[in-house]
Amino acid sequence: MSGAVATAEPIGRRNWLKPSIARERRWALWASYIVLVFFAIGFLAPPYFELVTALKTSQQIGSGKDPWFTAHPYFGNFIGIITNPDFQTFFLNTVKVTLIVVVLTLAMSILAAYALARMRFFGSHAFATGVFLTYLVPESLLFIPLFKVLSFLHLINSTWCLVLVWPTLSVPFCTWIMIGYFSSIPKELDEAAMIDGASHLQMLWKIFIPVALPGIIAATIFAFTVCWGDFLYPLAYLFTGKQMVLTAGIVSDLIHGDVLDWGHIMAANVVASAPPVIIYAFLMDYYIAGLTAGATKG
Amino acid sequence: MAQVTLRKVSKSYDQHVQAVKAIDLDIADEEFVVLVGPSGCGKTTTLRMIAGLEEITDGEISIAGELVNDVPPRDRDIAMVFQNYALYPHMTVFDNMAFGLKLRKFPRAEIKQRVDEAARILDIGTLLARKPKALSGGQRQRVAMGRAIVRHPKVFLFDEPLSNLDAKLRVQMRTEIKKVHQAVRTTTVYVTHDQVEAMTLADRVVVMNHGVIEQVGPPQELYHNPLTRFVAGFIGSPAMNFVPCRLETVGNQLMLRLTDEIRLPVPSSRVDRYSPYKDHNVLVGIRPEHLTELKDPAKPNVVRFDAHLDVTEPMGMEIMVHFRINGTELCGRIDPSVRAEAGEILPMSADLNHMHLIDADTGRVV
Amino acid sequence: MADGTTGISADALHGFAPSVRRGGLRRFAQRRSTIAVLMCLPLIALIAGLVVYPFFYSIYLSMLSRDATRFIGLFNYRYLLRSDTFDLVIFQSCFFAITAVFFKALIGFILAHVMHNISGRDQRIWRGLLLIPWVIPPALSTLGFWWMLSGNYSAVNWILGQFGIPQVAWLSNTWTARLWVAGVNVWYGTPFFMIMYLATLKSVPDQLYEAAAIDGATWLQKIRFISLPMLRNIISITVLFSLIVTFANFDIVQILTTGAPADTTHVFATYAFQLGIQGGNISLGAAVSLFIFPILAVFSIFILRGVGRRAREGM
């Protein structure tokens, strides 16, 4: 009896000293969650703060009391901003130009990517590398010469200038993503289609585009995000409210407008951020897959 | 009438690598021909040249009497089944099979009728609405065949279609392919690296190696009368044993000298055939089934010997035994009723009536 | 484009009565490369007209006088390199990029591992939450940061006040402003690093970690001897890539400080904007923005090598 107890104890202690794999995993899990919660608070505080501010009246904001909380949400700012004709113009301009650029981007990048992935021609490999390098060229390197180019084309202070310059931000990477997706389609699939009697365009339209649809979704989201969020080009090339888009419009026009009303500005901020956030909420997986494939597969 | 003819067909890449070297081949209408050989022997390249997926460097290929060298694949009226099936992942089984017909602007009713017919032959009628992702390997294989059948092409081309299946399914689909061929009787060219597949499927087997055709013939003929050492070793499993030796005359008897101690008499029926090779280095080729436990020693040209067994492999209906003679590894096939264990010495007999003699210099069977 | 299309369909029609002609297949291949070039033409035009040409034009512009009438060679560059303000800009650009990228990579690495520990469905939710900073257009969230930090009664100061810490004028002090500018960039960019590393971590076979566990490795050793080597390539690609992007960053500085206090937070992009667009000295602005180019050129070469190596490894 006593012997049994004596032997049982050291075994128990050994278990406690050398944690089992299950226990180790549990610890790792807890630690992981603690780190995650810490960073989630840090990451989400600013957007939360914007939302809270947007839900306050000017008096509440001005009082400086408890900036992180409001007991009685006030929706006047949202109504105010949605009915604001300036804001409506910004929003419509952004939607219009973004959609046009997204369509242009897809057309250009899918055609080019198909040619580069499947129809090898003289210099195609070097050109594909060149496309990738173009993607690395930042807009802040080019906005000054482009200002001269656009002045020459009489497009300064016209929303349409963005249709010209935004594709330089979106097309190279979208082409890169699509080259990756098209290359991952087995060659036998084209050969089967070739034997089935498909021409190049039929092959692209009926085989490649449907099969690479996840890549096309990723490219679409990328193009959308880049255009919707771009700030430098509209700020540099657009001056008047009628031509303005959301980012530059909110930052320059609303702030330098009649009254500096933070409730209004933050409501505008929230409304303007909503479309990309909503798109991500639904299509995040496609986008991440496309992005990581683009960066890792090359 | 869709015979396929290859005349001096060559394929080279970058001037240096010659994948296929001036091969000639005549495939008759309704014939099932299998191209077999180790990887890199040029069999797939040959098939792809027939399909029009590879350009021909030199020579002529004609299908149904028509020169097709410069005809793009879609106009050659062929259908191909690929190793990885190459099913269109975004289309249903029906659409996969109908795609080629739709592109050729067939009327809808005929497309449906043809697809249904193919589905009936292949027993995939219940799968027509599914996408390839929802199919098993064997089902995908059937759909890939269905896609070829519906076209009613002049020639079927198969590129190692069974190599992605597990062993059991492979055997099953092999039968299936044979049945389909018996049903539709379309000229078929089939590529595989698996000699068992080649033997079981083919009307005629084409054995290729290093870009040339080693031998063409019906399966049994290749097995019993190989023309080259390569064919002798490639066809049959386990492979034929090769023992290096020297052809010598001792007294007035033609003998195969393995070592000073081991000499085998050449069967009298073959003396005339072999005597020109006297004093040559030769290889004796003998299949495992002719190296057996000691049987009826009175039979002419059966030599008895003792084998020191290295490994035994019981297979159920037979036991494979591995042993060495004069440093050469040999494999024999004995009856399971004989007790044989590794490490033991087993009296065995070699039936020289079935031997092959290979000229060691040319690699040709004498 | 139209030419190529009709060419193809004419060929397809021919097909039903194949006319045999020597070299047809070769001509087919030749036509194929013509179509390919045509398909690339819009992209070629875009890159040539709106990237390559402006770049060289920019070099030319930077050598003109303020009123763009005289060619003055490298005078603008000499002027910039002698100006004290531009020294500050160079320093701040480097400080900003290096600090921000270091912390983005570090936090991204930690978060990817932490995220890798938790399982499927939870991971999706947390990943979604932590991606939010990267999803919101940075110009808009920087505006939110500005409101959070500006003035004595800012929201950040309010929190510090709860702990009895005195008010700080964050954006009016050189160093606090510099740190916040970098901080906002870290906040915005970390999620990108996180998902890149997480995706690569997922491709590392679990057996490696299990083998290491059997060999007696602690979690730190697992990171040191398995994660880091496996992630080395993607880390270098993301860091180099991010260095380029961060070095050229415009939005955050422009909105948060516009270079204030006393031009100490200006980076190349904002300084170029101030001189070139707002100040109307296009030549000088072009010269400033061209300082981004050497960094771009050097790092691009390394990225290309990294991407090439990755492609060869087939990961």
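**Sheet, hairpin and chain contact**

Reply: In this predicted model, chain B has an open sheet of six strands with mixed pairing, in the order E6-E7-E8-E3-E9-E10.

Me: Which are the edge strands of chain B in this sheet?
Reply: An edge strand pairs on one side only. In the order E6-E7-E8-E3-E9-E10, that applies to strand E6 (78-81) and strand E10 (212-217) of chain B.

Me: What is the bridge partner of Val205(B) in E10(B)?
Reply: Strand E9 of chain B covers residues 204-209 and pairs with E10(B) in the antiparallel sense, over five bridges. Within E10(B), the partner of Val205(B) is Gly217(B).

Me: At what angle does helix H4 of chain B run to E6(B)?
Reply: Helix H4 (residues 137-149) lies across E6 and strand E7 (155-159) of chain B. Its angle to E6(B) is about 175°.

Me: Which residue in the turn between E17(B) and E18(B) has a positive phi?
Reply: E17 (residues 319-325) and E18 (residues 328-334) of chain B run antiparallel and are joined by seven bridges; Arg324(B), for instance, stands opposite Glu329(B). The two strands form a hairpin with two residues between them. The positive phi, about 55°, belongs to Asn326(B).

Me: Which helix gives the most to the side of chain C that touches chain A?
Reply: The contact takes 82 residues from chain C and 76 residues from chain A. By class, the chain C side has 66 nonpolar, 13 polar and three charged residues. The helix that gives the most, with 18 residues, is H2 (residues 24-61) of chain C.

Definitions and conventions. Residues are numbered from 1 along each chain as its sequence is written. Chains are lettered from A and ligands numbered from 1 in the order in which they are written. This is a predicted model: local features need pLDDT of at least 70, side-chain atom pairs count only at pLDDT 80 or more; totals for chains, interfaces and linings use all residues. Two strands pair if DSSP finds at least two bridges between them. Helices (H or I, at least four residues) and strands (E, at least two) are DSSP runs, numbered from the N terminus. Two residues are in contact if their C-beta atoms, placed from the backbone, lie within 7 Å. Axes are lines fitted to C-alpha atoms, for helices over the stretch in contact, and angles run from 0 to 180 degrees between N-to-C directions. Ala, Val, Leu, Ile, Met, Phe, Trp, Tyr, Cys and Pro count as nonpolar, Asp, Glu, Lys and Arg as charged, and the others, Gly among them, as polar.
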